[in-house]
Amino acid sequence: MRKSVCGLVVLFLLCINPRFAAGEPSGASLVIVGPGDAMYEYWGHIGVTIEDDLEGISLFYDFGNFSFHADNFYSSFIVGRMIYLGSVTTTEFFISQAMREDRSLILYPLNLGTEELRELEAALRWRTLPENQEYLYDYFLNNCSTIIRDILNDVVGGTLRASTASIPDKTYRHYTRTGAWPSVLNELMLHFLLGEQQDKEISAWDLMFIPQAVADAVLGLEYPGRDGVVRVLANEKIVLKESTRPPIPREPRILWPWLLTLSIALGLLWNVAGRFLRAVILLFVGIPGLILGFLMLFTDHAAAYNNINIWLSMPTVLLGLIPLAIRDWKRWIAGRELVLGWIWTLNLAGLLVAFSLRLSGISIQNTGAFWALYGPLTFMASWPGQWLKGKFHLRLGKFGRCGSGDVKQIRTADNGD
């Protein structure tokens with residue numbers, strides 16, 4: 001997914017050399033590159049080759065190009081307005097580059113009539129001209145894979161969409177998580193940031209935001225050609241390279257037991273830790289909520305909209321850093337504990353709101369893992385949790401494990417300050 005110098009050279013040739021640009025295509029293949037190491041490579045890559053045997057030219061077209069060095073790249077990424085590029089390079093150059101990486105590389109020769117082949121070549125060439133090559137990227141709706149899907153669908157007269165739009169599949173969240181399998185932290189981050197729209201059932205047509213899904217859909221697809229001949233769009237695959245990477249799992253990993261354990265541990269730590277560790281815990285809860293709130297309110301990252309995880313990690317919890325910053329703790333400790341307890345109680349109320357939205361069906365978001373992550377910690381640090389803790393200490397005192405004076409000392413000098 002990078003724009004090569006060779007691609008720029010070919011674009012230049014397309015503009016100045018009509019013979020190079022408008023040769024008679026003799027064949028085409030769908031090219032699928034498997035997952036790579038970088039996060040943006042997790043779901044693979046896709047392109048189309050156009051061969052011209054008469055001119056001895058084979059060009060590779062794709063639409064997954066960007067540059068970290070482009071003007072305003074990072075600011076555009078933050079606000080969700082990422083500009084990607086269509087590009088063209090020689091097939092030989094692209095394949096030589098792809099073969100250097102530990103990624104699978106598979107070709108699917110396309111069986112197209114003369115008119116369909118010309119239309120495919122013309123559409124690809126038009127989309128990679130300098131004045132047309134830029135487009136506004138969307139993770140699920142407008143990426144390197146969906147553009148090629150749409151072009152192929154037009155070439156075969158809508159047969160691709162007609163054969164897949166009515167086939168139900170899972171959700172965008174499901175395939176986002178399985179694709180992010182190489183990194184549990186990346187999976188957890190994406191799982192947290194995706195809103196409820198990504199939990200709606202998708203079709204096999206929608207699934208083609210993943211490159212391999214396009215190949216699976218065209219393999220064996222019959223379509224009527226403009227010459228009246230019914231053809232199979234692709235009936236074979238040519239494996240140029242197999243990756244040593246493990247296959248993508250069919251189901252995402254189970255996260256909630258580990259997150260529940262972590263939450264309980266953090267809740268216990270909150271009740272014995274000093275100010276520094278408590279501040280770390282507040283940042284752990286509040287910063288994700290702060291980021292999510294920013295994405296929902298101030299950016300075009302539509303995939304994060306309507307996300308009930310904001311209720312679980314309300315950034316108001318960061319207000320707890322203020323009483324923790326007071327140095328004269330002996331004078332303020334009782335008031336500080338009361339303030340912290342009520343700040344956490346606000347997040348506990350948010351968690352109950354999120355649970356109610358999900359239980360009532362108003363929200364369909366799959367967020368159980370984050371109830372496990374935030375639930376015990378939020379309760380144990382909130383006023384109800386502190387009240388229950390005090391009751392527990394009093395019960396221990398009645399059994400002689402500590403006297404009433406000891407209980408008072410525990411409740412006053414709590415947290416090891």
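Reader: Is helix H10 enclosed by the rest of the structure or open, and how many of its residues are buried?

Author: Buried denotes under 20% relative accessible area, exposed over 50%, and partly exposed the range in between, with a 1.4 Å probe and protein chains only. Helices (H or I, at least four residues) and strands (E, at least two) are DSSP runs numbered from the N terminus. In this predicted model, local features need pLDDT of at least 70, side-chain atom pairs count only at pLDDT 80 or more, and totals for chains, interfaces and linings use all residues. Residues are numbered from 1 along each chain as its sequence is written, and side-chain values use heavy atoms, with hydrogens and water left out. Six of the eight residues of H10 are buried, so this helix is largely enclosed by the rest of the structure. The buried positions are Pro211, Ala213, Val214, Ala215, Ala217 and Val218.

Reader: What covers the buried residues of H10?

Author: Contact means heavy atoms within 4.5 Å. The cover includes strands S1 (27–33), S2 (45–52) and S5 (105–110), together with helices H6 and H7 (159–164). Just after H10, Gly220 adopts a positive phi of about 90°.

Reader: At what angle do H6 and H10 pack, and how is that angle to be read?

Author: Axes are lines fitted to C-alpha atoms, for helices over the stretch in contact, and angles run from 0 to 180 degrees between N-to-C directions. Angles under 35 degrees count as roughly parallel, over 145 as roughly antiparallel, 65 to 115 as roughly perpendicular, and the rest as oblique. H6 (residues 144–155) and H10 (residues 211–218) pack at about 20°, with axes 9 Å apart; the two helices are therefore roughly parallel to each other.

Reader: Which residues of H6 and H10 meet?

Author: Ser145, Arg149 and Leu152 of H6 meet Pro211, Val214 and Val218 of H10. For such a tally, Ala, Val, Leu, Ile, Met, Phe, Trp, Tyr, Cys and Pro count as nonpolar, Asp, Glu, Lys and Arg as charged, and the others, Gly among them, as polar. The contact of H6 with H10 comprises four nonpolar, one polar and one charged residues.

Reader: How does H5 pack with H6?

Author: A crossing is left-handed if the near helix is turned anticlockwise from the far one by less than a right angle, and right-handed if clockwise. Helix H5 (residues 114–127) packs with H6 at an angle of about 145°, their axes 9 Å apart, and passes H6 in a right-handed crossing. On the H5 side, Glu116, Glu119, Leu120, Ala123, Leu124 and Arg127 meet Ile147, Ile151, Leu152, Asp154 and Val155 of H6. By class, the residues of this contact are seven nonpolar, no polar and four charged.

Reader: Which residues of the largest nonpolar core touch the most other members?

Author: A nonpolar core is a set of buried Ala, Val, Leu, Ile, Met, Phe, Trp, Tyr and Cys residues joined through side-chain atoms within 4.5 Å. Of the 52 residues in the largest one, Leu30, Leu110, Leu112, Leu120, Leu152 and Leu160 touch the most other members. H6 supplies the largest share, six residues. Another core, of 30 residues, lies apart from it and includes Phe192, Trp270, Ile310 and Tyr374.

Reader: Where is Leu340 found, and what is in contact with it?

Author: Leu340 belongs to helix H15 (residues 329–360) and is buried, with a relative accessible area of 2%. Leaving aside neighbours within four places in sequence, Leu340 is in contact with Trp270, Arg278, Gly320, Pro323, Leu324 and Ala381.
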